[in-house]
Amino acid sequence: MKLRKALRNLIIGENRYIESVIEYKKVMLSGQVAMIAIAILILNCSFEKSIGLTVLTYLLSITLLAFSIILHRLSKHILANYVMLITVNFTTYLFASSESMSTGICVFFVVVPIGSFIIMNANRLQAYLFGGLSFILFYLSYFVNFRILPWREYTNEEVILIALVNMSVAIISTGMGVSLLIRLNSESASQLFESNKLLVKTNTELDRFVYSTSHDLRAPLTSMMGLINIASSEEDIHELKRYLALMKGRVDSLDAFIKDITDYSRNNRSEVGNENVNVKELAMDVWEDLRFVPEASRISFDVQIPETANVISDKSRLKVILSNLISNAVRYHDTRKESQFIRLVYECNEQGFRLKITDNGQGISKEYHQKIFDMFFRGNETSKGSGLGLYIVKEVLTKLSGSISLDSQPGAGATFTISLPAKCS
């Protein structure tokens with residue numbers, strides 16, 4: 001793990017990131033090939049008896065390969081690939097044309113095209129060009145009696161050693177490339193499968209969303225239009241006030257529904273935040289928004305959360321979760337009970353934190369425990385709300401890699417437990 005991190009920091013840079021996993025792996029392969037080539041060149045350079053054109057060629061090639069790694073660190077990955085592939089191609093040609101084929105140097109004319117097709121697979125034309133370059137240089141080195149570097153003679157022992165090194169490096173490099181290609185294909189297939197699942201889910205939700213939204217938006221507006229028509233011919237001031245109160249109720253319902261739609265859209269499109277959140281302060285902010293609602297007047301809010309309870313998470317999403325769960329507890333409280341309460345209990349452990357929201361309201365039948373998290377689900381025709389609240393809670397928790405569970409029965413209230421893998425105190 002430490003070696004992998006050290007390689008990553010060397011090739012990409014400690015504070016630099018590549019969003020695409022596939023691009024990250026291709027950059028890492030390119031950088032590792034450059035590093036392996038540098039190691040081979042340094043090893044071969046050690047066999048040289050004197051400083052001359054050959055040694056200078058080694059040094060130039062090493063410099064260019066090191067430069068390709070620097071380009072990766074500067075996030076110029078395409079240019080880095082060009083420099084690396086061109087350098088390896090021409091370096092192989094220079095040495096293949098000036099030494100015996102028994103050293104196995106020509107094997108790199110096979111390795112380089114494989115690497116170019118893996119690294120450049122998004123641009124097949126460039127991959128073919130680099131593959132073609134390797135092919136041409138191989139034929140020039142093998143059939144054309146032309147060399148830039150002086151001919152190098154090796155002893156039989158040196159030839160065997162160099163051949164073993166070249167073949168070993170070629171096998172390792174090819175294995176790395178093929179392994180990466182298999183992983184990329186596997187990940188692409190997995191991503192395609194997940195994308196198809198998400199697309200089916202999105203289309204299903206969209207159909208339900210359009211149908212239910214059109215109904216839930218039109219219903220309050222139609223009701224208001226009817227009340228306006230009735231009120232326009234009413235002269236009794238008391239009746240007018242009653243109609244205005246009814247209209248306000250429809251407007252409030254419409255406003256709450258639009259807020260749910262906004263929360264749903266924002267959760268799907270915005271990035272997950274990471275900030276220090278005081279859980280007790282957040283819970284009290286939510287209650288402050290709800291405490292003056294008429295239904296909340298007889299409910300006591302019991303917050304069993306330490307003052308110092310802090311978590312590293314997305315504050316706006318946590319607020320959406322608490323707002324929906326607490327407002328549901330208010331909406332479905334049991335007016336027949338003398339003592340009504342909503343209790344929040346906080347727990348922190350190594351895995352993250354848990355928050356229990358308990359009420360002694362109407363409760364929920366077991367047959368509905370899974371259905372209540374479905375989009376637009378309502379237990380019965382008299383249910384209040386848009387039917388989006390708990391669905392949004394579930395979607396937000398999925399975005400935060402969290403979970404929710406329910407313990408409830410009719411008449412005994414409900415306990416929702418949310419668990420999040422966030423750093424807490």
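1. E288 is partly exposed, with a relative accessible area of 40%; partly exposed denotes the range between buried (under 20% relative accessible area) and exposed (over 50%), with a 1.4 Å probe and protein chains only. Its salt-bridge partner is R291, and the closest N and O atoms of the two lie 3.5 Å apart. R291 counts as partly exposed too, at 39% relative accessibility. A salt bridge here is a side-chain nitrogen of Lys or Arg within 4 Å of a carboxyl oxygen of Asp or Glu.

2. This is a predicted model, in which local features need pLDDT of at least 70 and side-chain atom pairs count only at pLDDT 80 or more, whereas totals for chains, interfaces and linings use all residues. Residues are numbered from 1 along each chain as its sequence is written, and side-chain values use heavy atoms, leaving out hydrogens and water.

3. R343 and D302 form a salt bridge with closest N and O atoms 3.1 Å apart. R343 lies in strand β4 (residues 340-349) and D302 in strand β2 (residues 299-304), so the pair ties together parts that are 41 residues apart in sequence. Helices (H or I, at least four residues) and strands (E, at least two) are DSSP runs, numbered from the N terminus. R343 is partly exposed, at 27%.

4. In helix α8 (residues 237-269), E239 and R242 are 3 residues apart, about one helical turn. Their salt bridge has closest N and O atoms 3.0 Å apart.

5. The whole structure contains 9 salt bridges. D334, R336 and K337 are linked in a network of such contacts.
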